[in-house]
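Subject: Structure for you to look at

Hi,

Here is the structure I promised to pass on. Have a look at it first, and then read my notes below.

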Amino acid sequence: MSQTLYAVNQYPIQILLSWVQAGEIAIPEIQRPFVWDTKQVRKLIDSLYKGYPVGYIIAWKNHDIRLKNGESSAGKKILIDGQQRITALMASILGQKVVNAHYKKIRIQIAFHPMKERFETFTPAIEKDSTWFNDISLLIDNSTNLFDIVNDYIAINEDADQATIFNRLQKLRNIVNNQIGLIELDSSLDIEEVTEIFIRINKEGKTLSQADFVMSKISANEEYRGHELRKLIDYFCHLSVLPEDYESITSQDTDFKKIEELKKITWLKNEREDLYDPDYTDVLRVAFVSQFGRGRLRDLVALLSGRNFETRKYEESIAENSFEMLWKGVMNVVSETNFKRFMMILRSAGLASKTLVGSVNVVNYAYIVYILLKESGVKADVIESYVKKSYVFNILTERFAGNPEGTFDFDIKRIKEQGFIAYFDSLEKTMLGDTFWDVALPLKLNTPVASSPFYRIYQAAQCANHDKGFLSKAISIQDMILHRGDIHHIYPKKFLQDKGYKRNKYNQIANYAITQSEINIKIKDTDPKIYFPIVTKQCNGGELIYGGIDDISELEENYRMNCIPQYMIDGEIPEFEVFLADRQKLMALKIKDYYNSL
């Protein structure tokens, strides 16, 4: 007979809310922004009023943990699905304020029209209409006298029937007795099993990441200040994107300026860096891998629960130590010194804009490298070189394209054994030989995908080298990337379309060059066999038509910067396919030189 790893029970809403208030059920999202809009809250109340089912909520029981004195402490239930519904009920029924997307505390006030049996979000117009009750939380509150409320209502609404109004208000008050199903998952289930159960039950098929479980574990723990650690992570991620919300956060959370760790992210209120805006998954990933020497976040869930991997039991000392280590790891990530220095290193690698940044996991890896090397006492210039190289290396080799978590786990174990520098040098020798640069990379550049990571690295190389735009005398590639210069088809699109080329050919990235709008407009659909000789003629005293370059050596340098074959200066304009192959090789060579310079 199979073991039942869950229990399903029905509980009245008021019981569930009382458990939440008493802390018996931990709601990870309770201090985070409420994402439902008021219409969703109104529909939830309307469904309860009509007696409709409103779905199940799912809780996962924390592991019982062995205390230092040998006793066992029962774990809380962590709500992993249903946070928004429970929060909506607490807001509308109990009248509690919720935190919106900008970390401002607001009331979600639902009004009730007893004669029409309608619910609406409270508005000034409703406030002026005596047929509406402005706030259902006052009606549901048992301390209020329904007879008095009904009599007051009848006095100003003569058409209302006293018995009808009373019955409908009583029906509304009774919604707290409606039952909601609680699926309680056993503590013996691991993350993968809980995730699978969640997906099968949840009608939307929403996926839960391992980072979601980590955040749930963190927020449910008060003994080791997990709830404060979660705040730190949430606020850091939010302020990285919306620093203007600093005042809203500090005004609604009075503890912000009292908690030392939170005060250390105050620098974000003036921060406008957008190259890397980590979310909580990224923060946890960098903190965990760099501090724990492990790569799989499911292990962090187990460690925060106090799991002893050898005995398979749960011990308080392990949970305590794990929280201590995670605090340290997160503080390393959110450190102003670390973060700004890391950003400066990435920008010095030519990543002038967020549009040039590839996989966020590659950025996370580079940040891990920075933290590991810094904590190992490696010199600043060596750290800078390896951080930049690790970023470009992982983009070029696509090591994070398949199973990123597996790559993190594999690498960190080797790094622990060999040290990062020795391990990375061996990877580099294995994966970036002549065959890669001469054959593999040109083939990777044979693509019509403008968002190709290889094209982004090519552009980063141009930015790092301070290259000028195609046929530009003074304006740099970096300036045009930052200020939206044009992507020019070197062999014009219309010209190629007229020759029968399809999109996957004329939009090859080897046919792209960044140039000034006026140059792009001037070239338009002109045959390359016409406009390239004119450009050369400009450098021999001819009229300036395409850009302002009037010196042949300057033109040679511009073609070198933009990987245009030098033979085109002499009027040798090849067929498009030949041009593409030759330029792909030149672009690969440019990337190679750029990589070796890091």
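**What I found**

D299 is buried, with a relative accessible area of 15% (buried means under 20%, exposed over 50%, and partly exposed in between, with a 1.4 Å probe and protein chains only). Its partner in a salt bridge is R294, with the closest N and O atoms 3.3 Å apart; by salt bridge I mean a side-chain nitrogen of Lys or Arg within 4 Å of a carboxyl oxygen of Asp or Glu. R294 is partly exposed, at 29% relative accessible area.

Please keep in mind that this is a predicted model, where local features need pLDDT of at least 70, side-chain atom pairs count only at pLDDT 80 or more, and totals for chains, interfaces and linings use all residues. Residues are numbered from 1 along each chain as its sequence is written, and side-chain values use heavy atoms, with hydrogens and water left out.

On the overall picture, the protein chain has 29 helices and 13 strands (DSSP runs numbered from the N terminus: H or I of at least four residues for helices, E of at least two for strands). Of its 598 residues, 52% count as buried. The salt bridges come to 33.

One of these joins D411 and R399, whose closest N and O atoms are 2.7 Å apart. D411 lies in helix α19 and R399 in the loop between α18 (380–397) and α19, so the pair ties together parts that are 12 residues apart in sequence. D411 is buried at 1% relative accessible area, and R399 is buried at 14%.

D411 also turns up in the lining of the largest cavity, along with residues including V289, Y365 and F408. A cavity here is a set of points on a 1 Å grid over the protein atoms alone where a 1.4 Å probe fits but cannot get out, and lining residues have an atom within 4 Å of a point. The volume of the largest cavity, about 50 Å³, is the space filled by probe spheres set on the points, which are joined across faces, edges and corners. Helices α17 (360–375) and α19 (404–418) each supply at least two residues of that lining.

Finally, Y594 sits in helix α29 (residues 576–597) and is buried, at 2% relative accessibility. Its C-alpha atom is separated by 8.0 Å from that of A464, 130 residues apart along the chain.

Best wishes

Definitions and conventions
On a 1 Å grid over the protein atoms alone, a cavity is a set of points where a 1.4 Å probe fits but cannot get out, and a pocket is an open set with protein on both sides within 12 Å along at least five of seven lines; lining residues have an atom within 4 Å of a point.
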